[in-house]
Amino acid sequence: MSRLIGGTGTLWSKLGVLRAPLVVVLYSSDGAVDDLTAEIAFDTPGDDLLLTSLPVDLAEEPNRPLIVRLPLRDEDAAVQRLSLERDRLSTRAAPLVLLLQTEGAGMRALKKLPFLISFAQGRIVNLDALAVADPVEERRTFQEATGLTPEDFLLQRSNGQLPDDLDANLWAHRARTLVESSQ
Amino acid sequence: VNDPWSSWDAAVQTWAEGLSLKAGELSTQMRSVLNEAVAGGLCDRGAVHQIKWAGNELRVSPAANGKTVRGHPAYQLRNLASLEDGALLGFVVRVGPKGQLLSFTVGIEGALRTSGTPWSARIDLTEKPEGRGPCGHPVLHAHVGPDDKAGPVARVPIRLLPPDQALRWLLVTVHPALESTA
């Protein structure tokens, strides 16, 4: 399953959208890509980007990032059509962000189109990989907030030394995740 | 004598382990409920997008406009029928690798408009029961009452509510007008 971590600003910079004419984002569930597009649309409101599906006019609005989600049943053909227009990518100041299903027909087609894929300059991003939580950072944040290690937090909680309130219960879930991930 | 609390725990665990939640779908469901709150003027428009996955946890993101006492991200609510402005809404949902529901907390804390008395309601799903009997914590339960200092905070048996429905139940509890918008 795909999970996003960090705000869109973080995600946006991880995508490196300003540094390549083409960015390919792989997703494994419709919901995950819905999350992504909703966040991007929210954080980049109004005229800053185009969120669109086919047909794609690469000559349109070359200064605005163009985020394209291809229809699943037509991913392969859509990538082929895009390949025919690939030269227009170099005329764009803002990138094309192409959302493709992980291991889908579009990605398989793209792998066979080296001229098109070269525009990505290695910018193929897997949402699953982006969303992996950093346990060291998570633990640091936890201890900074609670003043306790996750292990001590759970121990104090089970001993009734912590209040049974919303705050303690929210942190308890993260403590469990951290303890389990360190085992 | 059959212990009703224990048998209920087993049923809840079977239900939670049998779920097959997809991350994107779960966040979409939570957003949908938050969207109702936004439409009702109960929280900032941005609340719908201020949730995030971190590993296997879906949480309120640090961009939200509120924090609990130790700084866990939460939403500050306003215009609630029952609670004063500034009530906090927070949640965490943990999902296993197969989409099973591991645990969650969804809760609201605030002060009653009528008296200023602290009031809280929270639904917890835990991986195992904490304590036994009517005042223990079955794996799925709700706490409803002033707060854990003033008491009594009733541990309320509750239906098999997934996190989004738990969130909706809490919001409707403190703002019944939302019920008519569903």
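Let me begin with Arg78(B), which is partly exposed, with a relative accessible area of 30%. Partly exposed lies between buried, under 20% relative accessible area, and exposed, over 50%, with a 1.4 Å probe and protein chains only.

Before going on, some ground rules. This is a predicted model, where local features need pLDDT of at least 70 and side-chain atom pairs count only at pLDDT 80 or more, while totals for chains, interfaces and linings use all residues. Residues are numbered from 1 along each chain as its sequence is written, chains are lettered from A and ligands numbered from 1 in the order in which they are written, and side-chain values use heavy atoms, leaving out hydrogens and water.

Back to Arg78(B). Its salt-bridge partner is Asp44(B), with the closest N and O atoms 2.8 Å apart. A salt bridge here is a side-chain nitrogen of Lys or Arg within 4 Å of a carboxyl oxygen of Asp or Glu. Asp44(B) is also partly exposed, at 31%.

In chain B, Arg59(B) forms a salt bridge with Glu57(B), at 2.9 Å between the closest N and O atoms. Arg59(B) counts as buried at 3% relative accessibility, and Glu57(B) counts as buried at 0%.

Which residue of chain B does Asp167(A) meet in a salt bridge? The partner is Arg70(B), at 2.3 Å, N to O. Helices are DSSP runs of H or I with at least four residues, strands are runs of E with at least two, and both are numbered from the N terminus. Asp167(A) is buried, at 1%.

Now the helices of chain A. Helix α7 (residues 135-146) and helix α8 (residues 150-158) of chain A pack at about 50 degrees, with axes 10 Å apart. Axes are lines fitted to C-alpha atoms, for helices over the stretch in contact, and angles run from 0 to 180 degrees between N-to-C directions. That makes α7(A) oblique to α8(A); under 35 degrees would be roughly parallel, over 145 roughly antiparallel, 65 to 115 roughly perpendicular, and the rest is oblique.

Last, the rings. Phe142(A) and Phe153(A) form an edge-to-face aromatic pair, 5.3 Å centre to centre, with 80 degrees between the planes. Rings of Phe, Tyr and Trp (its six-membered ring) pair if their centres lie within 6.5 Å; planes under 30 degrees apart are stacked, over 60 edge-to-face, and the rest tilted. Both Phe142(A) and Phe153(A) are buried. Together with Trp171(A), they form one aromatic cluster.
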